[in-house]
Amino acid sequence: MILPKGIDDFETIITSGCYYIDKTDSLRVLLLDNEAKVAMFTRPRRFGKTTFLSTAASFLDIRKDSKELFKNLNIYKDKNIVDNWMNKYPVIYISFKDVTFSNSVSSKNKISSLISHIFESFSFLLDDELFQNYRRKFNIFLNEEAEDYTITESLLFLSELLFKHYKKKVIILIDEYDVPLASADANNYYEDMINIIRPLYSTTLKVNPYLEKAIITGCLRVSKESIFTGLNNLNGYSLTDSEYSSTFGFTKEEVSQILKEADLESRSDIVKDWYDGYRIGEERIYCPWDVIKYVSKAIIDKEALPENYWINTSSNEAVKKLIELYKDDVENDYIALIKEKSINKRILTDLTYGSLYSSPNNIWTLLFQTGYLTLKVKYVPNEDNELVIPNNEINSIFKDSIDSWFKEVVERTDNKNLMDAIWECDCKTMSILISDTLMESISYYDYSESFYHGFMVAILKSNDYKISSNMESGLGRADIILRDSKNKRVAIFELKKTSKQENMENDAKKALEQIEKRQYETTFSAYNTILKYGVLFYKKSALVCIEENKNI
(Lines give C-alpha, C1' and ligand atoms only; values in the text may rest on other atoms or scores of the structure.)
Protein backbone atom coordinates (compact mmCIF):
# COMPACT_ATOMS: atom_id res chain seq x y z
CA MET A 1 0.00 0.00 0.00
CA ILE A 2 1.58 3.25 -1.18
CA LEU A 3 0.15 6.39 0.38
CA PRO A 4 0.61 9.80 -1.28
CA LYS A 5 2.68 11.23 1.57
CA GLY A 6 3.56 14.77 0.58
CA ILE A 7 2.06 14.36 -2.91
CA ASP A 8 -0.91 16.58 -3.81
CA ASP A 9 -0.80 16.37 -7.62
CA PHE A 10 -3.51 14.08 -9.00
CA GLU A 11 -1.59 12.77 -12.00
CA THR A 12 1.43 11.90 -9.87
CA ILE A 13 -0.77 10.08 -7.34
CA ILE A 14 -2.42 7.95 -10.04
CA THR A 15 0.65 7.24 -12.19
CA SER A 16 2.71 6.36 -9.10
CA GLY A 17 0.15 3.80 -8.01
CA CYS A 18 -0.59 5.66 -4.77
CA TYR A 19 -3.71 5.06 -2.73
CA TYR A 20 -6.39 7.52 -3.88
CA ILE A 21 -9.66 8.49 -2.21
CA ASP A 22 -12.05 9.03 -5.12
CA LYS A 23 -13.61 12.51 -4.86
CA THR A 24 -14.47 12.78 -8.56
CA ASP A 25 -18.23 12.54 -7.93
CA SER A 26 -18.02 16.00 -6.38
CA LEU A 27 -16.34 17.31 -9.51
CA ARG A 28 -19.09 15.76 -11.64
CA VAL A 29 -21.81 17.44 -9.56
CA LEU A 30 -19.96 20.74 -9.60
CA LEU A 31 -19.65 20.78 -13.38
CA LEU A 32 -23.16 19.54 -14.19
CA ASP A 33 -25.43 20.89 -11.47
CA ASN A 34 -23.80 24.12 -10.32
CA GLU A 35 -25.27 27.04 -12.24
CA ALA A 36 -22.83 29.62 -10.88
CA LYS A 37 -19.87 30.39 -13.11
CA VAL A 38 -17.57 30.74 -10.09
CA ALA A 39 -17.49 28.28 -7.18
CA MET A 40 -15.33 29.14 -4.15
CA PHE A 41 -14.40 26.54 -1.54
CA THR A 42 -12.80 27.55 1.76
CA ARG A 43 -11.20 24.89 3.91
CA PRO A 44 -8.25 24.77 6.35
CA ARG A 45 -4.77 24.00 5.09
CA ARG A 46 -3.98 20.40 4.17
CA PHE A 47 -7.59 19.41 3.50
CA GLY A 48 -7.05 18.30 -0.12
CA LYS A 49 -7.85 21.52 -1.96
CA THR A 50 -4.82 21.32 -4.26
CA THR A 51 -5.45 17.68 -5.09
CA PHE A 52 -9.06 18.48 -5.99
CA LEU A 53 -8.06 21.30 -8.31
CA SER A 54 -5.31 19.26 -9.95
CA THR A 55 -7.91 16.52 -10.50
CA ALA A 56 -10.17 19.06 -12.19
CA ALA A 57 -7.30 20.31 -14.33
CA SER A 58 -6.41 16.81 -15.50
CA PHE A 59 -10.01 15.98 -16.31
CA LEU A 60 -10.84 19.17 -18.20
CA ASP A 61 -7.63 20.28 -19.94
CA ILE A 62 -8.05 20.14 -23.72
CA ARG A 63 -4.31 19.58 -24.16
CA LYS A 64 -4.45 16.21 -22.38
CA ASP A 65 -5.79 12.74 -22.97
CA SER A 66 -6.79 11.62 -19.48
CA LYS A 67 -8.71 8.41 -20.19
CA GLU A 68 -6.16 6.17 -18.50
CA LEU A 69 -6.10 8.36 -15.40
CA PHE A 70 -9.87 8.36 -14.88
CA LYS A 71 -11.09 5.08 -16.34
CA ASN A 72 -11.38 3.42 -12.91
CA LEU A 73 -12.87 6.42 -11.10
CA ASN A 74 -16.48 7.34 -10.39
CA ILE A 75 -16.69 10.29 -12.77
CA TYR A 76 -15.85 8.05 -15.74
CA LYS A 77 -19.10 6.12 -15.25
CA ASP A 78 -21.07 9.18 -16.38
CA LYS A 79 -20.96 9.10 -20.20
CA ASN A 80 -22.57 12.52 -20.49
CA ILE A 81 -19.86 14.32 -18.52
CA VAL A 82 -17.07 12.33 -20.19
CA ASP A 83 -18.39 13.19 -23.64
CA ASN A 84 -19.00 16.87 -22.95
CA TRP A 85 -16.34 17.85 -20.43
CA MET A 86 -13.41 15.46 -20.35
CA ASN A 87 -10.41 17.16 -22.04
CA LYS A 88 -12.77 19.54 -23.81
CA TYR A 89 -11.75 22.93 -22.38
CA PRO A 90 -8.67 25.13 -22.23
CA VAL A 91 -7.64 25.35 -18.57
CA ILE A 92 -5.75 28.11 -16.76
CA TYR A 93 -4.49 26.82 -13.41
CA ILE A 94 -2.66 29.06 -10.95
CA SER A 95 -1.72 28.46 -7.31
CA PHE A 96 -0.84 31.29 -4.94
CA LYS A 97 0.18 28.99 -2.07
CA ASP A 98 3.84 30.06 -2.25
CA VAL A 99 3.24 33.82 -2.24
CA THR A 100 4.31 34.05 1.39
CA PHE A 101 6.94 36.78 1.41
CA SER A 102 7.62 39.41 4.04
CA ASN A 103 7.69 42.30 1.59
CA SER A 104 5.60 43.65 -1.25
CA VAL A 105 8.29 43.54 -3.94
CA SER A 106 9.05 39.83 -3.48
CA SER A 107 5.36 38.94 -3.50
CA LYS A 108 4.68 40.90 -6.67
CA ASN A 109 7.70 39.31 -8.33
CA LYS A 110 6.42 35.85 -7.37
CA ILE A 111 2.99 36.57 -8.83
CA SER A 112 4.64 37.83 -12.00
CA SER A 113 6.70 34.63 -12.12
CA LEU A 114 3.62 32.44 -11.69
CA ILE A 115 1.89 34.22 -14.54
CA SER A 116 5.01 33.88 -16.68
CA HIS A 117 4.99 30.08 -16.17
CA ILE A 118 1.37 29.93 -17.27
CA PHE A 119 2.10 31.89 -20.43
CA GLU A 120 5.12 29.68 -21.07
CA SER A 121 2.87 26.61 -21.02
CA PHE A 122 0.81 28.21 -23.79
CA SER A 123 3.77 29.56 -25.78
CA PHE A 124 2.64 27.50 -28.78
CA LEU A 125 0.05 30.25 -29.33
CA LEU A 126 2.86 32.43 -30.65
CA ASP A 127 3.09 30.12 -33.67
CA ASP A 128 -0.52 30.82 -34.59
CA GLU A 129 -0.70 33.38 -37.41
CA LEU A 130 -3.91 34.66 -35.86
CA PHE A 131 -1.94 36.11 -32.96
CA GLN A 132 0.75 38.10 -34.78
CA ASN A 133 -0.57 41.34 -33.31
CA TYR A 134 -0.61 39.90 -29.79
CA ARG A 135 2.98 38.69 -29.61
CA ARG A 136 4.44 41.82 -28.02
CA LYS A 137 1.89 41.80 -25.20
CA PHE A 138 2.23 38.02 -24.77
CA ASN A 139 6.00 38.37 -24.37
CA ILE A 140 5.59 41.06 -21.72
CA PHE A 141 3.89 38.50 -19.47
CA LEU A 142 6.15 35.68 -20.58
CA ASN A 143 9.29 37.66 -19.73
CA GLU A 144 7.96 39.03 -16.42
CA GLU A 145 8.08 42.60 -17.69
CA ALA A 146 4.51 43.59 -16.79
CA GLU A 147 3.75 46.52 -14.50
CA ASP A 148 1.33 46.08 -11.61
CA TYR A 149 -1.68 47.39 -13.55
CA THR A 150 -0.81 45.15 -16.50
CA ILE A 151 -0.56 42.02 -14.35
CA THR A 152 -4.18 42.49 -13.35
CA GLU A 153 -5.22 41.99 -17.01
CA SER A 154 -2.98 39.00 -17.67
CA LEU A 155 -5.45 36.13 -17.21
CA LEU A 156 -8.20 37.96 -19.07
CA PHE A 157 -5.81 38.47 -21.98
CA LEU A 158 -4.80 34.80 -21.97
CA SER A 159 -8.47 33.75 -21.78
CA GLU A 160 -9.16 35.75 -24.94
CA LEU A 161 -6.29 34.09 -26.82
CA LEU A 162 -7.32 30.61 -25.73
CA PHE A 163 -10.92 31.22 -26.73
CA LYS A 164 -9.88 32.38 -30.17
CA HIS A 165 -7.50 29.46 -30.59
CA TYR A 166 -9.77 26.64 -29.39
CA LYS A 167 -13.18 28.23 -30.05
CA LYS A 168 -14.05 27.21 -26.49
CA LYS A 169 -14.44 29.25 -23.33
CA VAL A 170 -11.88 28.66 -20.61
CA ILE A 171 -11.92 26.96 -17.23
CA ILE A 172 -9.98 28.91 -14.59
CA LEU A 173 -8.71 27.21 -11.44
CA ILE A 174 -7.23 29.33 -8.63
CA ASP A 175 -5.68 27.58 -5.64
CA GLU A 176 -5.14 29.31 -2.26
CA TYR A 177 -6.55 32.59 -3.52
CA ASP A 178 -6.09 34.33 -0.15
CA VAL A 179 -2.48 33.44 0.68
CA PRO A 180 -1.02 36.65 -0.84
CA LEU A 181 -3.44 38.72 1.24
CA ALA A 182 -2.70 36.78 4.43
CA SER A 183 1.05 37.28 3.98
CA ALA A 184 0.60 40.95 3.10
CA ASP A 185 -1.60 41.52 6.13
CA ALA A 186 0.86 39.81 8.46
CA ASN A 187 3.75 41.88 7.07
CA ASN A 188 2.05 45.27 6.75
CA TYR A 189 1.75 45.69 3.00
CA TYR A 190 -1.91 44.76 2.66
CA GLU A 191 -2.91 47.86 0.66
CA ASP A 192 -0.21 47.21 -1.93
CA MET A 193 -1.36 43.63 -2.39
CA ILE A 194 -5.11 44.31 -2.45
CA ASN A 195 -4.49 46.82 -5.25
CA ILE A 196 -3.21 43.93 -7.38
CA ILE A 197 -5.37 41.03 -6.21
CA ARG A 198 -8.76 42.76 -6.33
CA PRO A 199 -8.50 43.95 -9.97
CA LEU A 200 -6.82 40.67 -11.00
CA TYR A 201 -9.77 38.66 -9.72
CA SER A 202 -12.26 41.19 -11.05
CA THR A 203 -10.95 41.13 -14.63
CA THR A 204 -10.44 37.35 -14.54
CA LEU A 205 -13.77 36.34 -13.02
CA LYS A 206 -16.23 39.23 -13.32
CA VAL A 207 -15.71 40.95 -16.66
CA ASN A 208 -14.29 37.96 -18.54
CA PRO A 209 -16.58 37.10 -21.49
CA TYR A 210 -14.39 34.07 -22.28
CA LEU A 211 -15.01 32.32 -18.94
CA GLU A 212 -16.90 29.03 -18.91
CA LYS A 213 -16.37 28.20 -15.23
CA ALA A 214 -13.99 28.94 -12.39
CA ILE A 215 -13.18 27.02 -9.21
CA ILE A 216 -11.39 28.86 -6.41
CA THR A 217 -10.03 27.46 -3.16
CA GLY A 218 -8.70 29.18 -0.08
CA CYS A 219 -8.44 29.06 3.67
CA LEU A 220 -10.26 32.13 4.92
CA ARG A 221 -13.71 33.09 3.74
CA VAL A 222 -13.43 36.84 3.51
CA SER A 223 -16.08 39.39 2.73
CA LYS A 224 -17.15 39.19 -0.90
CA GLU A 225 -17.06 42.96 -1.10
CA SER A 226 -13.42 43.15 -0.06
CA ILE A 227 -12.05 41.16 -3.02
CA PHE A 228 -14.83 40.02 -5.36
CA THR A 229 -16.70 43.32 -5.59
CA GLY A 230 -19.72 43.04 -7.86
CA LEU A 231 -19.08 39.39 -8.67
CA ASN A 232 -22.69 38.18 -8.74
CA ASN A 233 -21.96 34.82 -10.34
CA LEU A 234 -20.03 33.43 -7.33
CA ASN A 235 -21.26 30.64 -5.05
CA GLY A 236 -19.24 30.16 -1.88
CA TYR A 237 -19.02 26.92 0.10
CA SER A 238 -17.46 27.20 3.52
CA LEU A 239 -17.20 25.07 6.66
CA THR A 240 -20.76 25.98 7.59
CA ASP A 241 -22.32 24.68 4.36
CA SER A 242 -23.73 21.20 3.83
CA GLU A 243 -23.13 21.24 0.07
CA TYR A 244 -19.85 19.56 -0.89
CA SER A 245 -19.23 18.81 2.80
CA SER A 246 -17.32 15.59 2.06
CA THR A 247 -15.44 16.90 -1.00
CA PHE A 248 -12.41 17.89 1.07
CA GLY A 249 -11.00 15.79 3.89
CA PHE A 250 -11.76 12.15 4.70
CA THR A 251 -15.06 10.80 5.98
CA LYS A 252 -15.31 8.14 8.68
CA GLU A 253 -16.00 5.50 6.03
CA GLU A 254 -13.00 6.54 3.95
CA VAL A 255 -10.68 6.40 6.95
CA SER A 256 -12.06 3.01 7.97
CA GLN A 257 -11.29 1.70 4.49
CA ILE A 258 -7.72 3.06 4.60
CA LEU A 259 -7.09 1.48 8.01
CA LYS A 260 -8.58 -1.83 6.89
CA GLU A 261 -6.39 -2.04 3.80
CA ALA A 262 -3.35 -1.05 5.86
CA ASP A 263 -4.19 -3.71 8.48
CA LEU A 264 -4.43 -0.97 11.11
CA GLU A 265 -8.03 -1.28 12.23
CA SER A 266 -6.84 -1.59 15.82
CA ARG A 267 -5.56 2.01 15.59
CA SER A 268 -8.92 3.51 14.62
CA ASP A 269 -9.57 5.03 18.06
CA ILE A 270 -6.18 6.75 18.06
CA VAL A 271 -6.73 8.14 14.57
CA LYS A 272 -10.21 9.34 15.55
CA ASP A 273 -9.09 11.02 18.78
CA TRP A 274 -6.19 12.79 17.11
CA TYR A 275 -7.29 13.62 13.57
CA ASP A 276 -11.11 13.54 13.42
CA GLY A 277 -13.61 16.00 14.84
CA TYR A 278 -14.19 18.58 12.12
CA ARG A 279 -17.87 19.26 11.48
CA ILE A 280 -18.53 20.44 7.93
CA GLY A 281 -22.25 20.72 7.24
CA GLU A 282 -23.67 17.41 8.42
CA GLU A 283 -20.40 15.49 8.00
CA ARG A 284 -17.70 14.62 10.50
CA ILE A 285 -14.39 14.97 8.69
CA TYR A 286 -10.80 13.83 9.33
CA CYS A 287 -7.82 15.94 8.27
CA PRO A 288 -6.45 13.92 5.30
CA TRP A 289 -2.85 15.12 5.66
CA ASP A 290 -2.68 13.84 9.23
CA VAL A 291 -4.30 10.50 8.45
CA ILE A 292 -1.91 9.82 5.57
CA LYS A 293 1.13 10.83 7.61
CA TYR A 294 0.18 8.70 10.60
CA VAL A 295 -0.89 5.63 8.61
CA SER A 296 2.35 5.80 6.57
CA LYS A 297 4.30 5.69 9.82
CA ALA A 298 2.11 3.02 11.44
CA ILE A 299 2.47 0.68 8.44
CA ILE A 300 6.15 0.45 9.36
CA ASP A 301 5.66 0.60 13.14
CA LYS A 302 2.29 -0.78 14.21
CA GLU A 303 2.75 0.71 17.71
CA ALA A 304 3.54 4.20 16.41
CA LEU A 305 2.30 6.97 18.66
CA PRO A 306 0.26 9.82 17.15
CA GLU A 307 2.11 13.03 16.37
CA ASN A 308 1.25 16.60 15.57
CA TYR A 309 1.66 16.77 11.80
CA TRP A 310 -0.52 19.82 11.17
CA ILE A 311 1.15 22.58 13.17
CA ASN A 312 3.87 23.43 10.66
CA THR A 313 1.51 23.44 7.68
CA SER A 314 -0.36 26.57 8.63
CA SER A 315 0.83 29.99 9.68
CA ASN A 316 -0.52 31.07 13.05
CA GLU A 317 0.82 34.63 12.87
CA ALA A 318 -2.64 36.21 12.63
CA VAL A 319 -3.91 34.13 15.55
CA LYS A 320 -0.85 35.00 17.62
CA LYS A 321 -1.17 38.70 16.82
CA LEU A 322 -4.85 38.76 17.77
CA ILE A 323 -4.17 37.07 21.09
CA GLU A 324 -1.35 39.49 21.87
CA LEU A 325 -3.66 42.42 21.10
CA TYR A 326 -6.68 41.12 23.00
CA LYS A 327 -5.23 38.71 25.56
CA ASP A 328 -7.40 39.95 28.40
CA ASP A 329 -10.55 39.66 26.25
CA VAL A 330 -9.96 36.09 25.05
CA GLU A 331 -7.97 34.43 27.85
CA ASN A 332 -10.88 32.81 29.72
CA ASP A 333 -12.40 31.41 26.51
CA TYR A 334 -9.00 30.16 25.35
CA ILE A 335 -8.46 28.29 28.62
CA ALA A 336 -12.02 26.89 28.49
CA LEU A 337 -11.32 25.43 25.06
CA ILE A 338 -8.15 23.70 26.25
CA LYS A 339 -10.22 22.13 29.04
CA GLU A 340 -12.39 20.62 26.28
CA LYS A 341 -15.31 22.95 26.90
CA SER A 342 -17.29 24.74 24.22
CA ILE A 343 -17.64 28.49 23.81
CA ASN A 344 -20.52 30.35 22.20
CA LYS A 345 -19.40 32.82 19.57
CA ARG A 346 -20.76 34.53 16.45
CA ILE A 347 -19.08 33.38 13.24
CA LEU A 348 -18.60 36.51 11.16
CA THR A 349 -19.36 36.38 7.44
CA ASP A 350 -18.08 39.88 6.60
CA LEU A 351 -14.52 39.46 7.84
CA THR A 352 -11.77 41.09 5.79
CA TYR A 353 -8.02 40.93 6.11
CA GLY A 354 -7.93 44.70 6.27
CA SER A 355 -10.09 44.70 9.42
CA LEU A 356 -8.82 41.46 10.92
CA TYR A 357 -7.32 43.05 14.02
CA SER A 358 -10.09 45.55 14.68
CA SER A 359 -11.94 43.45 17.26
CA PRO A 360 -11.28 40.55 19.66
CA ASN A 361 -14.39 38.85 18.23
CA ASN A 362 -12.55 38.27 14.95
CA ILE A 363 -10.24 35.72 16.56
CA TRP A 364 -13.00 33.12 16.88
CA THR A 365 -13.97 33.35 13.21
CA LEU A 366 -10.30 33.17 12.25
CA LEU A 367 -9.68 30.13 14.47
CA PHE A 368 -12.78 28.46 13.04
CA GLN A 369 -12.01 29.06 9.38
CA THR A 370 -8.36 28.05 9.71
CA GLY A 371 -9.19 24.72 11.37
CA TYR A 372 -8.23 25.40 14.99
CA LEU A 373 -11.89 25.24 16.06
CA THR A 374 -14.96 23.48 14.73
CA LEU A 375 -18.71 23.48 15.27
CA LYS A 376 -20.00 21.30 18.07
CA VAL A 377 -23.45 21.06 16.48
CA LYS A 378 -24.98 22.13 13.20
CA TYR A 379 -24.38 25.74 12.23
CA VAL A 380 -27.12 28.29 12.92
CA PRO A 381 -26.88 31.48 10.79
CA ASN A 382 -26.91 34.87 12.53
CA GLU A 383 -26.69 33.29 15.98
CA ASP A 384 -23.96 32.40 18.43
CA ASN A 385 -22.65 28.91 17.71
CA GLU A 386 -20.90 26.40 19.95
CA LEU A 387 -17.24 26.12 19.02
CA VAL A 388 -14.81 23.46 20.29
CA ILE A 389 -11.30 22.22 19.63
CA PRO A 390 -11.77 19.33 17.17
CA ASN A 391 -9.23 16.79 18.42
CA ASN A 392 -6.15 15.98 20.49
CA GLU A 393 -3.79 17.27 17.83
CA ILE A 394 -5.23 20.77 17.83
CA ASN A 395 -5.55 20.75 21.62
CA SER A 396 -1.82 20.09 21.83
CA ILE A 397 -1.22 23.02 19.48
CA PHE A 398 -3.22 25.30 21.77
CA LYS A 399 -1.21 24.17 24.79
CA ASP A 400 2.12 24.36 22.98
CA SER A 401 1.27 27.84 21.72
CA ILE A 402 0.58 29.04 25.23
CA ASP A 403 3.85 27.51 26.44
CA SER A 404 5.67 29.21 23.57
CA TRP A 405 4.06 32.58 24.17
CA PHE A 406 4.71 32.26 27.91
CA LYS A 407 8.36 31.55 27.18
CA GLU A 408 8.52 34.64 24.98
CA VAL A 409 7.05 36.74 27.80
CA VAL A 410 9.69 35.42 30.20
CA GLU A 411 12.50 35.95 27.69
CA ARG A 412 11.38 39.53 27.15
CA THR A 413 11.51 40.13 30.89
CA ASP A 414 14.61 41.94 32.11
CA ASN A 415 15.20 40.17 35.42
CA LYS A 416 18.07 42.42 36.52
CA ASN A 417 15.68 44.54 38.56
CA LEU A 418 14.25 41.39 40.11
CA MET A 419 17.70 40.10 41.02
CA ASP A 420 18.64 43.43 42.55
CA ALA A 421 15.46 43.37 44.63
CA ILE A 422 16.21 39.83 45.83
CA TRP A 423 19.70 40.65 47.11
CA GLU A 424 18.52 43.99 48.55
CA CYS A 425 15.64 42.26 50.42
CA ASP A 426 13.10 44.53 48.69
CA CYS A 427 9.96 42.40 48.98
CA LYS A 428 7.64 45.11 47.68
CA THR A 429 9.52 45.47 44.40
CA MET A 430 9.79 41.68 44.07
CA SER A 431 6.02 41.32 44.52
CA ILE A 432 5.31 43.96 41.87
CA LEU A 433 7.78 42.57 39.29
CA ILE A 434 6.59 38.97 39.68
CA SER A 435 2.93 40.01 39.50
CA ASP A 436 3.55 42.16 36.40
CA THR A 437 5.16 39.22 34.55
CA LEU A 438 2.27 36.95 35.56
CA MET A 439 -0.20 39.44 34.14
CA GLU A 440 1.49 39.26 30.74
CA SER A 441 1.17 35.47 30.50
CA ILE A 442 -1.70 33.10 29.78
CA SER A 443 -2.02 30.04 31.99
CA TYR A 444 -4.17 26.97 31.52
CA TYR A 445 -2.90 25.18 34.62
CA ASP A 446 -5.59 26.43 37.05
CA TYR A 447 -2.79 28.36 38.71
CA SER A 448 -1.46 25.19 40.33
CA GLU A 449 1.65 25.16 42.50
CA SER A 450 3.49 23.31 39.73
CA PHE A 451 2.75 26.17 37.32
CA TYR A 452 4.00 28.77 39.77
CA HIS A 453 7.08 26.66 40.45
CA GLY A 454 7.96 26.50 36.75
CA PHE A 455 7.17 30.17 36.37
CA MET A 456 9.56 31.18 39.16
CA VAL A 457 12.35 28.94 37.85
CA ALA A 458 11.95 30.58 34.43
CA ILE A 459 12.09 34.19 35.62
CA LEU A 460 14.98 33.56 38.04
CA LYS A 461 17.29 32.05 35.44
CA SER A 462 20.50 34.03 35.15
CA ASN A 463 24.01 33.51 33.83
CA ASP A 464 25.38 35.07 37.01
CA TYR A 465 23.75 32.72 39.51
CA LYS A 466 23.07 28.99 39.91
CA ILE A 467 19.46 27.95 40.32
CA SER A 468 18.32 24.60 41.77
CA SER A 469 14.79 23.24 41.86
CA ASN A 470 13.45 20.81 44.51
CA MET A 471 16.96 20.44 45.91
CA GLU A 472 17.49 18.22 48.94
CA SER A 473 18.37 20.48 51.83
CA GLY A 474 18.15 20.08 55.61
CA LEU A 475 15.15 17.88 56.40
CA GLY A 476 13.41 18.18 53.05
CA ARG A 477 13.47 19.66 49.57
CA ALA A 478 13.53 23.39 49.08
CA ASP A 479 11.37 24.64 46.21
CA ILE A 480 13.99 26.92 44.67
CA ILE A 481 17.57 27.76 45.64
CA LEU A 482 19.36 30.73 44.07
CA ARG A 483 23.12 30.82 44.74
CA ASP A 484 25.63 33.60 44.22
CA SER A 485 28.89 31.70 44.86
CA LYS A 486 31.08 34.67 44.03
CA ASN A 487 29.63 36.75 46.87
CA LYS A 488 28.80 33.76 49.09
CA ARG A 489 25.10 34.47 49.36
CA VAL A 490 22.03 32.31 48.81
CA ALA A 491 18.28 32.89 48.53
CA ILE A 492 15.85 30.11 49.50
CA PHE A 493 12.29 30.27 48.11
CA GLU A 494 9.26 28.37 49.38
CA LEU A 495 6.22 28.79 47.13
CA LYS A 496 2.56 28.48 48.09
CA LYS A 497 -0.76 29.35 46.52
CA THR A 498 -4.03 30.36 48.12
CA SER A 499 -7.65 30.36 47.00
CA LYS A 500 -8.46 33.59 48.83
CA GLN A 501 -6.71 36.89 48.28
CA GLU A 502 -7.19 37.97 51.90
CA ASN A 503 -5.11 34.98 53.07
CA MET A 504 -2.00 35.94 51.11
CA GLU A 505 0.01 37.52 53.91
CA ASN A 506 -0.70 34.82 56.51
CA ASP A 507 -0.01 32.00 54.05
CA ALA A 508 3.25 33.63 52.95
CA LYS A 509 4.37 33.56 56.57
CA LYS A 510 3.48 29.85 56.72
CA ALA A 511 5.84 29.31 53.79
CA LEU A 512 8.59 30.95 55.83
CA GLU A 513 7.75 28.72 58.78
CA GLN A 514 8.23 25.66 56.55
CA ILE A 515 11.75 26.83 55.60
CA GLU A 516 12.56 27.19 59.29
CA LYS A 517 10.92 23.92 60.34
CA ARG A 518 12.74 21.86 57.72
CA GLN A 519 16.04 23.66 58.26
CA TYR A 520 16.77 24.20 54.56
CA GLU A 521 19.53 26.68 55.42
CA THR A 522 21.77 24.10 57.15
CA THR A 523 23.15 22.98 53.79
CA PHE A 524 24.53 26.47 53.20
CA SER A 525 26.51 27.11 56.37
CA ALA A 526 29.52 28.16 54.29
CA TYR A 527 27.60 31.12 52.84
CA ASN A 528 27.84 34.58 54.42
CA THR A 529 24.28 35.60 53.64
CA ILE A 530 21.19 33.40 53.65
CA LEU A 531 17.90 34.96 52.55
CA LYS A 532 14.65 33.06 53.15
CA TYR A 533 11.64 34.03 51.05
CA GLY A 534 8.05 32.92 51.28
CA VAL A 535 6.25 33.61 47.99
CA LEU A 536 2.47 33.40 48.00
CA PHE A 537 0.44 33.33 44.77
CA TYR A 538 -3.20 34.14 44.19
CA LYS A 539 -4.13 33.82 40.52
CA LYS A 540 -1.94 36.49 38.86
CA SER A 541 -0.79 38.22 42.04
CA ALA A 542 2.30 37.49 44.08
CA LEU A 543 3.24 38.51 47.63
CA VAL A 544 6.80 38.05 48.88
CA CYS A 545 7.81 37.91 52.56
CA ILE A 546 11.34 37.55 53.93
CA GLU A 547 13.10 36.19 56.97
CA GLU A 548 16.76 37.11 56.92
CA ASN A 549 19.51 35.08 58.60
CA LYS A 550 23.11 36.21 58.11
CA ASN A 551 26.10 34.05 59.02
CA ILE A 552 29.23 36.19 59.23
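This is a predicted model: local features need pLDDT of at least 70, side-chain atom pairs count only at pLDDT 80 or more; totals for chains, interfaces and linings use all residues.

The chain has 23 helices and 16 strands, and 55% of its 552 residues count as buried. Among contacts between residues at least 6 apart in sequence, 72% join residues that are at least 24 apart. As for charge, the chain carries 71 positive and 84 negative charges, whose mean positions are 1 Å apart.

Turning to the aromatic side chains, a pair of rings is described by the distance of the centres together with the angle of the planes. With ring centres required to lie within 6.5 Å, the count comes to 33 aromatic pairs. One of these is formed by Phe 10 and Tyr 20, whose centres are 5.4 Å apart and whose planes stand at 70°; because planes over 60 degrees apart count as edge-to-face, the pair falls in that class. Phe 10 belongs to helix 1 (residues 10-15), whereas Tyr 20 lies in the loop between helix 1 and helix 2 (24-33), so that the pair links parts of the chain 10 residues apart. Both Phe 10 and Tyr 20 are buried.

Elsewhere, Phe 119, Phe 131, Tyr 134, Phe 138, Phe 141 and Phe 157 form one aromatic cluster. Rings also meet charged side chains: Arg 46 lies over the face of Trp 289, at 3.8 Å from the ring centre, and the charged end of Lys 168 sits over the ring of Tyr 89, at 4.4 Å from its centre.

Methods
Residues are numbered from 1 along each chain as its sequence is written. Side-chain values use heavy atoms; hydrogens and water are left out. Rings of Phe, Tyr and Trp (its six-membered ring) pair if their centres lie within 6.5 Å; planes under 30 degrees apart count as stacked, over 60 as edge-to-face and the rest as tilted. Helices (H or I, at least four residues) and strands (E, at least two) are DSSP runs, numbered from the N terminus. Buried means under 20% relative accessible area, exposed over 50%, partly exposed in between (1.4 Å probe, protein chains only). A charge sits over a ring if NZ of Lys or CZ of Arg is within 6 Å of the ring centre and within 35 degrees of the ring normal. Contact means heavy atoms within 4.5 Å. Lys and Arg count as positive and Asp and Glu as negative; His and the chain ends are not counted. The place of a charge is taken as NZ of Lys, CZ of Arg, CG of Asp or CD of Glu.
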